[in-house]
Amino acid sequence: MTSSTTPERIVRIGTRSSKLARWQADWVATRLRQLGHAADIVEVTTSGDTHQLGPVADIGSPGVFTKEIQRAVLAGEADLAVHSLKDLPSEPVDGLTLAAVPSREIPADVLVARSAASLDNLPSGSRVGTGSLRRQAQLRHVRRDLQIESIRGNVDTRVRKLNAGEFDAIVLAAAGLKRLGLAARVSQVLPFDIMLPAVGQGALGTECRADDARVATLLQSIDDAGSHAAVLAERSLLTRLRGGCLAPIGAYGRLESGRLHLSAVVLSPDGAQRLAASDTALPADAVDLGCRVADSLLAQGAAELIAISRS
């Protein structure tokens with residue numbers, strides 16, 4: 001047995017206990033084991049997990065799905081945390097570092113409908129469920145005739161509500177459905193010109209203690225430079241906008257022909273106003289790129305729309 005697999009070298013991975021969170025943590029654990037590192041899972045209950053009723057926006061402050069896991073890492077109860085990056089607030093936490101972003105899954109949102117093949121095919125007045133203000137605003141921008149209603153619960157719960165007839169369609173992240181083996185339920189992958197994803201959507205983020213060089217080094221082995229640069233640009237945009245994870249802000253960073261491209265939108269909650277901006281940069285300038293696109297949106301009046309969403 002090598003030193004990397006002795007009990008004292010076991011890497012403890014902190015995660016939520018939901019099915020999707022466990023899939024993500026198990027994926028990271030499997031990758032680390034393939035590289036010769038022993039890994040155990042440490043389940044942590046978060047405040048977001050204990051509030052299962054009502055829309056996501058009603059739960060409370062940003063970080064409801066991440067704070068307790070971060071505390072466990074800081075306390076030494078886990079060596080690293082695996083997050084859905086869209087749930088991780090963009091403001092850094094003292095003592096922690098985002099050490100790696102593995103290769104990103106498709107970041108798009110998808111329509112899951114009972115009978116319609118696409119968003120365009122949904123009859124006027126159809127009930128569409130989503131707990132995200134970002135999705136609600138973008139849906140209202142293109143289909144003001146739909147009844148956009150809040151929905152809460154994990155992916156399985158939302159699909160059950162759809163099957164039970166509570167909704168005619170729901171909107172979910174493509175990545176979550178794929179990871180849970182539910183890709184066959186997708187009616188339409190929503191185009192980015194209609195629905196820009198949440199910051200970090202489809203990407204996993206692994207955090208460790210900033211002074212833990214051993215774990216930070218081993219996590220570099222599962223980092224994908226292109227995905228990491230893309231989410232850095234998106235997260236710096238969100239920080240500059242002071243938008244938080246609940247505001248109607250969509251962003252999509254991607255690496256194309258060696259250049260990092262970032263597109264972003266800010267909308268009013270009712271979808272009537274939509275501000276858009278985009279720019280490109282070298283991957284090394286990801287943070288600056290996010291700030292530039294945010295400044296373009298702020299110059300158009302984004303701060304006012306974000307303030308409306310908070311009120």
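**Pocket lining, cysteines, a ring pair and a core**

Q: What is the make-up, by class, of the lining of the second largest pocket?
A: The lining has eight nonpolar, five polar and three charged residues. Nonpolar means Ala, Val, Leu, Ile, Met, Phe, Trp, Tyr, Cys or Pro; charged means Asp, Glu, Lys or Arg; the others, Gly among them, are polar. This is a predicted model: local features need pLDDT of at least 70, side-chain atom pairs count only at pLDDT 80 or more, and totals for chains, interfaces and linings use all residues. Numbering runs from 1 along each chain as its sequence is written, and side-chain values use heavy atoms, without hydrogens and water.

Q: Which element gives the most to the lining of the second largest pocket?
A: α7 does, with four residues. Helices are DSSP runs of H or I, at least four residues, and strands are runs of E, at least two, numbered from the N terminus.

Q: Why is C208 called buried?
A: Buried means under 20% relative accessible area, exposed over 50%, and partly exposed in between (1.4 Å probe, protein chains only). C208 has 0%, so it is buried. C291, at 16%, is buried too.

Q: Why is the pair of F192 and Y252 called stacked?
A: Rings of Phe, Tyr and Trp (its six-membered ring) pair if their centres lie within 6.5 Å; planes under 30 degrees apart are stacked, over 60 edge-to-face, the rest tilted. By this rule the count is one aromatic pair. The centres of the F192 and Y252 rings are 4.2 Å apart and the planes meet at 25°, so this pair is stacked.

Q: What parts does the pair of F192 and Y252 tie together?
A: F192 lies in the loop between β9 (188–189) and β10 (204–209), and Y252 in strand β11 (residues 249–256), so the pair ties together parts 60 residues apart in sequence.

Q: Are F192 and Y252 buried or partly exposed?
A: F192 has 28% relative accessibility, so it counts as partly exposed. Y252 has 17%, so it counts as buried.

Q: Which members of the largest nonpolar core touch the most other members?
A: L237, L241, I249, V266, V293 and L297, out of 25 residues. A nonpolar core joins buried Ala, Val, Leu, Ile, Met, Phe, Trp, Tyr and Cys residues through side-chain atoms within 4.5 Å. The largest share of this core, six residues, comes from α7.
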